[in-house]
Amino acid sequence: MNPQIKIYMMEQLEKLMNIPSPTGYTKKVQEYLVSELEKLGFKPYTPHKGGVVCDIGGEGNALMLAAHIDTLGAVVHTIKSSGALKVTPVGGLNPNNVETETITVITRFDGEYEGTFQIENASAHVNEKVNDPRTFEGNIEVLLDEYVKSAADTKALGIANGDFVALNPRYTVTQKGYIKSRFLDDKASAAVLMAVAKAVADGELNLSRKVYLNFTVYEEVGHGGTAAIPEDVKDMISVDMGCVGTGLECDETQVSICAKDSGGPYNYDLTTELVAAAKENGINYAVDIYPRYGSDVEATLRAGYDIRHGLIGPGVYASHGYERTHIDGLENTYKLIFNYVK
């Protein structure tokens, strides 16, 4: 991988991580991607539904590479009598691992406010039930970093039901190349696709076929890939996270090629082509079955599009929590795409 492209990829990852984009509140990250792709010389557009689609060149037999830029998050459900917030999760946000996370409440009309997810009555020296199971419906709340003592105090700030709650991703890269952050699912692969666009723009990658990039925005709630698929697309690959865990071969340094998930097998011929490209080019990869997983491209099929479908991505551990991958996983994902489309 060209060192300059690799630097660009990591720069894009950090920038994307630092733009809050829980499903349903993705305008800012869309605007950023449109601006960045225009800087590279492309003409991206935002579909009416949201997201970003970009033709990056090539001719014939079009392939779409899709990564989602929406993340887990929450929405204000109730303003409690104490002034704290009860929330409802967006996507598969887990109440057991959000406690003590810092957050931003994004109001519709009155700016943003900081706070923290806590169990209610959180002091161990006060509450004998402090170790009870965590639930959003029961004892997890957002404690605002504001002097509020009542629901009226909180409402006076302009905070209302339906406002979005975005978690601080806590992005960091270790000296050994491990990347730790929330929302590597799927901003890690979005950064990989931006690196592919950069390689095309710089003339390093000459495409053997027409390629679209699709940055979708409703994947975490199941319908990201159901629209905005150009008529000439024949194949579509979700570039999402590869699973790392018990019973799977993939680790964080590899690109994972998924053969089957909870939605069924991926297209046999397209999957075989991806495995062959990895073998032929010495790419560090694994083929795995994901037991609890669904992807954008499966939503595309369910929407009625006549395409071949595949799924790849860098290995990510602790999905839907404080996730971990490795720079090598992103690089191997980039190399697989590069060699598949060159």
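**Rings and helices up close**

Reply: Searching the whole of this predicted model turns up four aromatic pairs. Let's zoom in on Tyr-25 and Phe-164: their ring centres sit 5.9 Å apart and their planes are at 35 degrees, so this pair is tilted. To be called stacked, the planes would have to be under 30 degrees apart, and for edge-to-face they would have to be over 60. The pair also links distant parts of the chain, since the two residues are 139 residues apart. Tyr-25 belongs to the loop between α1 and α2, while Phe-164 belongs to strand β8 (residues 164-167).

How much of each one is covered up? Tyr-25 has 21% relative accessibility, so it counts as partly exposed. Phe-164 comes in at 13%, so Phe-164 counts as buried. The cut-off for buried is under 20%.

Helix α1 covers residues 3-17 and helix α2 covers residues 27-39; they pack at an angle of about 155 degrees, with 11 Å between their axes. That angle makes α1 roughly antiparallel to α2, because the label applies to angles over 145 degrees. The crossing of α1 past α2 is right-handed.

And who touches whom? On the α1 side you'll find Tyr-8, Gln-12, Lys-15 and Leu-16, and they meet Val-29, Tyr-32, Leu-33 and Glu-36 of α2. Sort the residues of this contact by type and you get five nonpolar, one polar and two charged.

Note on methods. Residues numbered from 1 in each chain as written. Predicted model: local features only at pLDDT ≥ 70, side-chain atom pairs only at ≥ 80, totals over all residues. Heavy atoms only, no water. Axes fitted to C-alpha atoms, helices over the stretch in contact; angles between N-to-C directions. Helix = DSSP H or I, 4+ residues; strand = E, 2+ residues; numbered from the N terminus. Parallel < 35°, antiparallel > 145°, perpendicular 65-115°, else oblique. Left-handed = near helix turned anticlockwise from the far one by under 90°. Contact = heavy atoms within 4.5 Å. Nonpolar A, V, L, I, M, F, W, Y, C, P; charged D, E, K, R; others polar. Phe/Tyr/Trp six-rings, centres within 6.5 Å; stacked < 30°, edge-to-face > 60°. Buried < 20%, exposed > 50% of the residue type's maximum accessible area, 1.4 Å probe, protein only.
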